[in-house]
Amino acid sequence: MNASVSSDAEQLPLFAGVQNADGESAAEKPRFSDYIVYVDESGDHSMVAIDDAYPVFVLSLCVFHKAYYGRAVVPSLEAFKFAEFGHDIVILHERDIRKETGQFRLSGAAGKNRFMGALSRIIQASKFVLISCVIDKRRMVETGEIASNPYHVALKFCLEQLRDFLSEKGQLDGMTHVVVEGRGKKEDAELELEFRRVCDGANRFSTPLPFSVVFADKKANSSGLQLADLVARPIGLSVVRLGQANRAFDILKKKFFCRGGRATAGKDYEGVGYLIYPEA
């Protein structure tokens, strides 16, 4: 053995939790949590011009257990893309699919129903936790909150609820990364500033939150970001078209963070994993 190579006892372990030669754990606390969070939005957060057809802003967090995400979610979306397009170099955007633009020019109603049915089954089968806030901008005007930034209001609620979820799972010791799609240098800087402000203690716990924001390029082929993009608009429509049939939202109901854990999935999620703001 080359004399310049350190002994086994001096080598760093390849995996967290592996014991050193003296029998002590190499890492007492994990660097990262077991969860990864992907974020997307629906609608715009401007309070200047409010679209009467869609007067809401939606922020949605999709929370995945990392091991499950890599083992099940990514392969299922990859298989879907290979089956539909013959390759996986395609990014699923809800708006493009809805308007049938670009690669999503589907062959009539039958083709669209088949495509959406397969995609809906993947979302339904995938295990993730939803935390979302719908900002009713018209109601904000009525309550005199026109100066508030809908994105910041939604972000604070979602991060606070994320903290509750991770606490429930015993996952507050390690850092949890929150992945968002980049929107531009100025917008990203503003979001990062607000994200850090909330995580530094401007939250209902008045305590630091162990979260770190990661900005992804719009062209990043991330399965998690694509799923977050697909679920945001149906959540917004649950408010905009209150009382109307919303099959996509019916699927998502069972994924919202709720009171009582898995046993009450699909119930008691209002104000926990799903908030309409301002509240009526």
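## Basis

The model is predicted: local features need pLDDT of at least 70, side-chain atom pairs count only at pLDDT 80 or more, and totals for chains, interfaces and linings use all residues. Residues are numbered from 1 along each chain as its sequence is written, and side-chain values use heavy atoms, with hydrogens and water left out.

## Nonpolar cores

The largest nonpolar core holds 42 residues. A nonpolar core here is a set of buried Ala, Val, Leu, Ile, Met, Phe, Trp, Tyr and Cys residues joined through side-chain atoms within 4.5 Å. Buried means under 20% relative accessible area, exposed over 50%, and partly exposed in between (1.4 Å probe, protein chains only). Phe64, Leu92, Phe115 and Ile235 touch the most other members of the largest core. Strands E1 (32-42), E2 (56-65) and E3 (129-136) each supply at least two of its residues. So do helices H1 (66-85), H3 (108-125), H7 (223-240) and H8 (247-252). H7 gives the most, with 8 residues. Helices (H or I, at least four residues) and strands (E, at least two) are DSSP runs, numbered from the N terminus.

Phe115 touches Phe80, Glu84, Phe85, Leu92, Ile97, Phe104 and Leu106, not counting residues up to four places away in sequence. Contact means heavy atoms within 4.5 Å. A second, separate core has 34 residues, including Val37, Leu155, Phe195 and Val272. In soluble globular proteins, nonpolar side chains tend to be buried together.

## Helix H6

The buried residues of H6 are Asp188, Leu191, Glu194, Phe195, Val198 and Cys199. Seen down the axis of H6, they fall within an arc of 130 degrees, so they line one face of the helix. The arc is that of the directions from the helix axis to the C-beta atoms. These buried residues pack against helix H5 (150-168), strand E4 (175-181) and strand E5 (211-216). On the other side of H6, Lys185, Lys186 and Leu193 are exposed. Just after H6, Gly201 takes a positive phi of about 135 degrees.

## Aromatic pairs

The structure holds 16 aromatic pairs. Rings of Phe, Tyr and Trp (its six-membered ring) pair if their centres lie within 6.5 Å; planes under 30 degrees apart count as stacked, over 60 as edge-to-face and the rest as tilted. The ring centres of Phe64 and Tyr69 are 5.1 Å apart with planes at 55 degrees, so this pair is tilted. Phe64 is buried at 0% relative accessible area, and Tyr69 is buried at 11%.

Phe64 and Phe128 are also tilted, with centres 5.2 Å apart and planes at 40 degrees. Phe64 lies in strand E2 and Phe128 in the loop between H3 and E3, so the pair ties together parts 64 residues apart in sequence. Tyr38, Phe64, Tyr69 and Phe128 form one aromatic cluster.

## Cysteines

A search of the whole structure finds 0 disulfides. A disulfide is a pair of cysteine sulfur atoms within 2.5 Å. For Cys133, the nearest cysteine sulfur is that of Cys158, 5.6 Å away. Cys133 is buried, with a relative accessible area of 0%. For Cys199, the nearest cysteine sulfur is also that of Cys158, 12 Å away. Cys199 is buried too, at 6%.
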